[in-house]
Amino acid sequence: MTDELLTVLKFCFLALLYLFLFRVVRVVTLELKADKIAVPLAALPVTEAPVSQPKRSRGARDESTLVIVAPESREGETFLLDQEITVGRAPGCGIVLADDTFASQVHARIYRQGGKTYVEDLGSTNGTLLNGERISGYVRVRRGDRVQFGQTIAELTR
Amino acid sequence: MSVNRSALGQRRRGHELKLGALALVIVAAGHVLLALSESPAFPRDLWAFLGAILALFVIAHLAVRRLAPRADPTLLPLAALLLGIGYITISRLDVAAGAADRVGPTQALWAAVGVVAFVTTLVLLPTVRALARYRYSFLMLGVIALLLPLVPGLGREINGALLWVRIGPLTVQPGEAAKVLLVVFFAAYLVDKRELLSAGSRRIGRVYLPDPKHLGPLLLPWAASILIMVQQKDLGSSLLFFVAFLAMLYIATGRYGYVVIGTGLFATAAIVAYKTFGHVQSRIDIWINPWQDLQDTGYQLTQSLFAFGSGGFAGTGLGLGRPDVIPVATTDFIFAAIGEELGLLGTIAVLIGFMLLVGSAFRISLQAQRPFLKLFGAGLATILGMQTFVIIGGVTRVIPLTGVTLPFVSYGGSSLVSNFVILALLLRISDESATEAEDDAATEEARRAIESAHA
């Protein structure tokens, strides 16, 4: 193998390397164009961003289940979320938290809409927490998320 | 398990496959070129080699297709290329090494183990946010991993640094695992406390300071990095931990004050270490003037600089230089070996590759919606970027040399496996955020449809 040929091949190899990098840059450009404006973490509010009020959809057949995980005395109690359910210390609530002195009378509501579950704080004194972060307005709850009202914690299981 | 065929996922996986195919062609070309420099015939193991790299990439690619279909398309091909270039350089150095010192086959084996670790991470971890719940367990595991080499009878000192642990026939670096474990903890902890840490409650002069009780755990990384520096004589990891933590603290709070305080703390520690410890002092002295003791202490660094020099603009060509005279060329000094045979063009290509890799990692962090995913991604990106900077800066005499591996390129099983896990975590974060964004967009659309039906 002559040295000249090896030199030519070396430059071909290097050219291939740069071709690869160029193609990666092109894919990155595409990604950036398709991307929404990225937000740095420090600029993100500590609670999830409130969105405008949704209209309730009637006749949604889907349902979801909320299980209480704390306090121990109520652990395992299950609530089916086939319609809107209110949470609070008032006897008329869907989930009555009579013993939870940190919960407000009508603390929050949980509802399903478009196949998704949302929780909305109804101006409670101590707030509603989603995975340990205080929410404002309504936020989406995903399977496995933990919602805390006063000292009661419930997990969305389905 | 159902594979959701979203347009975004389809597009991203298509790009990944095309870029990956090109990366494989380049790696195969390098393998052939290396063989041609020895004898004018194609290497006999060409088909076996092609089959092996193809199998490794296809397994990883299919795993992403199945388990993280909407993940970023650039990370896997970039990692494949860097790993390939590293492997070619390592097998190039094997040609000159004695039969007993060959490490190429071991590296190939580790690459396979790395891919297995990559797939396993994707399988075992359907959502990254689940990790945040076990933050203190990760802290404990991370600290144990860091301290493991200090246990008498278990630790191994290699090249003056005590960061190895012997398990049967294997020597592993638990510090590599500690990196990832501690980043999980930092991310979860800082997301919890960032409000408290960014809004000060006490006023001293014109600055508001956070409550000191929240600062306590922040001194822990500083103490840990000093301990690593003193006990394990590992300046590289020490710097890496501290900078990664500081970067995450800054990203979480957006306050420059922490960067100033952190840099001050590190500078103080560095000056004290320079005055107190011989090994730190000799590193700095070599950095300032490697030529004064050319044959002994300055040998490594000067050989590295000679390698870059003799490589010149386009390098000597694969297999045509003498990179084997550089000490520890397969690990710490692999960048110098690349510099000799592929020249400035080759090293700049490797640098751009790392820039794109780390850039993609930061882009994943920016695209994430959830604070934990954002911070975790940024932490992993910082680890990758800093490690690259520390070792490339070291061998090119930009900063004092501290031995860490060049991610994906250097020889070394622990490092390769941990980097594959980092890669899987980044892809998982990317997929998770893209899936949630798609979900939210669908919800929004449904809501609009309902609203227009009511109107």
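This is a predicted model: local features need pLDDT of at least 70, side-chain atom pairs count only at pLDDT 80 or more; totals for chains, interfaces and linings use all residues.
Residues are numbered from 1 along each chain as its sequence is written, while chains are lettered from A and ligands numbered from 1 in the order in which they are written.

Strand S1 (residues 65-70) and S11 (residues 152-156) of chain A run antiparallel and are joined by four bridges. Strands here are DSSP runs of E, at least two residues long, numbered from the N terminus, and two of them pair if DSSP finds at least two bridges between them. S11(A) also runs antiparallel to S10 (residues 146-149) of chain A, again through four bridges, with A:Arg146 opposite A:Glu155. Two residues lie between S10(A) and S11(A) in their hairpin, where A:Gly150 takes a positive phi near 55°.

Now step back to the open sheet: its six strands in chain A follow the order S2-S1-S11-S10-S7-S8, with antiparallel pairing. S2 (78-80) and S8 (133-134) of chain A are at the edges with a single partner strand each, so one side of each has no neighbour in the sheet.

Over in chain B, B:Ala187 and B:Met248 touch the most other members of the largest nonpolar core, which has 133 residues. Such a core is a set of buried Ala, Val, Leu, Ile, Met, Phe, Trp, Tyr and Cys residues joined through C-beta atoms within 7 Å; buried means that 20 or more other C-beta atoms lie within 10 Å of a residue's own, with C-beta atoms placed from the backbone. Apart from this core lies another, of 15 residues, including A:Val147 and A:Ala154.

Terms used. A residue is buried if 20 or more other C-beta atoms lie within 10 Å of its own, exposed if 12 or fewer, and partly exposed in between; C-beta atoms are placed from the backbone.
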